Amino acid sequence: MTAKAAAKKPTKENIISAYMNFVLENETVPKSVFKFCRENKIKEEEFYKLFGSVGGIQKAIWDLFLENTMKLVSKNKEYHEFSSQDKMLTFFFTFFEMLKLNRSYVLFALNEDKNPLKNLEQLKGMRNGIKNFAKELIEDDNSEKSSKITQHNPGLFSEGAWVQFLFILKFWMEDTSADFEKTDIAIEKSVKTIFDVFDNTPLDSIIDFGKFLYKENFS
């Protein structure tokens with residue numbers, strides 16, 4: 001799309017791409033919507049039809065990562081026959097492959113502010129998406145169990161999945177192994193652990209996972 005065409009009617013994808021290029025080239029976020037639009041030849045009124053602020057773009061980028069991940073996993077014909085554990089593994093592996101393609105931007109976005117909690121604000125929309133995904137997995141499992149005693153709490157499981165995601169994200173950001181092989185191991189062990197915990201057989205997995213974390217972070 002030419003600059004002239006973009007100025008007439010930009011799309012969300014146009015603006016997201018322009019924003020990511022801007023922060024990577026300038027190593028800072030745009031100081032204002034006005035300056036961002038002027039530099040990218042976008043009319044402000046067109047910008048505001050799609051986003052309410054620069055922060056809105058930041059959140060939309062993470063929402064798009066999640067949306068594209070779900071589209072990719074859904075295209076796998078075998079995915080729908082997977083167990084819930086394998087579905088979660090597939091989701092995490094696919095999501096972090098998506099992040100790998102955008103690693104420079106992700107590292108900037110999550111280290112931009114000195115306050116880590118402020119950097120995580122842009123993940124609010126994605127948090128809901130991941131929790132809903134995890135909740136659906138456990139509800140599907142529960143529907144196949146006749147006894148309520150063996151059923152699991154979807155809300156608790158979804159919150160655990162979100163904490164798990166944050167751990168893997170931090171691990172991936174600090175991973176210096178070739179092709180992020182250690183992150184793949186962390187994903188496998190953490191997913192196995194969270195499912196084992198909910199199946200009331202956590203000991204072996206937790207010990208194994210704990211040894212892995214100790215070795216990678218403190219040795």
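**Close-up views of a predicted helical model**

**View A. Glu97 and Lys100 are separated by about one helical turn, because they stand three residues apart in helix H6.** Helices here are DSSP runs of H or I with at least four residues, strands are runs of E with at least two, and both are numbered from the N terminus. This is a predicted model, in which local features need pLDDT of at least 70 and side-chain atom pairs count only at pLDDT 80 or more, while totals for chains, interfaces and linings use all residues. Residues are numbered from 1 along each chain as its sequence is written, and side-chain values use heavy atoms, with hydrogens and water left out. Glu97 and Lys100 form a salt bridge, with 3.2 Å between their closest N and O atoms. The term salt bridge requires a side-chain nitrogen of Lys or Arg within 4 Å of a carboxyl oxygen of Asp or Glu. Glu97 is partly exposed at a relative accessible area of 40%, and Lys100 is also partly exposed, at 23%. For these labels, buried is under 20% relative accessible area, exposed is over 50%, and partly exposed lies in between (1.4 Å probe, protein chains only).

**View B. Thr94 is another residue to look at in helix H6, which covers residues 84-101.** Is Thr94 buried or exposed? Its relative accessibility is 19%, so Thr94 counts as buried. Setting aside neighbours within four places in sequence, Thr94 is in contact with Thr69, Leu72 and Val73. A contact here means heavy atoms within 4.5 Å.

**View C. Helix H10 takes in residues 154-174, 21 residues in total.** From its first C-alpha to its last, H10 reaches 30 Å, close to the 30 Å expected at 1.5 Å a residue. That expected span is 1.5 Å times one less than the number of residues in the helix.

**View D. A salt bridge joins the side chains of Arg127 and Glu159, at 3.1 Å from N to O.** This pair links distant parts of the chain, with Arg127 in helix H9 (residues 124-143) and Glu159 in helix H10, 32 residues apart. Arg127 counts as partly exposed, because its relative accessibility is 27%. Glu159, at 28%, counts as partly exposed as well.

**View E. The largest pocket holds about 280 Å³ of space.** Rolling a probe the size of a water molecule over the atoms shows where empty space is left. A pocket is an open set of points on a 1 Å grid over the protein atoms alone, where a 1.4 Å probe fits and protein lies on both sides within 12 Å along at least five of seven lines; lining residues have an atom within 4 Å of a point. Points are joined across faces, edges and corners, and the volume is the space filled by probe spheres set on them. Which helix supplies the largest share of the lining? H10 does, with five residues. Helix H7 (103-111), helix H8 (116-119) and H10 each give at least two lining residues. Among the lining residues are Leu110, Asn111, Pro116, Leu169 and Met173. By type, the lining has six nonpolar, two polar and four charged residues. Here Ala, Val, Leu, Ile, Met, Phe, Trp, Tyr, Cys and Pro are nonpolar, Asp, Glu, Lys and Arg are charged, and the others, Gly among them, are polar.

**View F. Lys170 and Glu174 meet through their side chains in a salt bridge, at 2.7 Å from N to O.** Both residues also belong to the lining of the largest pocket. They lie in helix H10, four residues apart, about one turn of the helix. Glu174 is partly exposed, at 47% relative accessibility. Elsewhere, salt bridges that share partners join Glu97, Lys100 and Asp179 into one network.

**View G. Asp179 is found in the loop between H10 and helix H11 (181-198).** With a relative accessible area of 53%, Asp179 is exposed. Its phi is positive, about 55 degrees, although Asp179 is not a glycine. Most residues other than glycine have a negative phi. Lys41 is likewise not a glycine and has a positive phi of about 55 degrees; look for Lys41 in the loop between helix H3 (33-39) and helix H4 (44-50).
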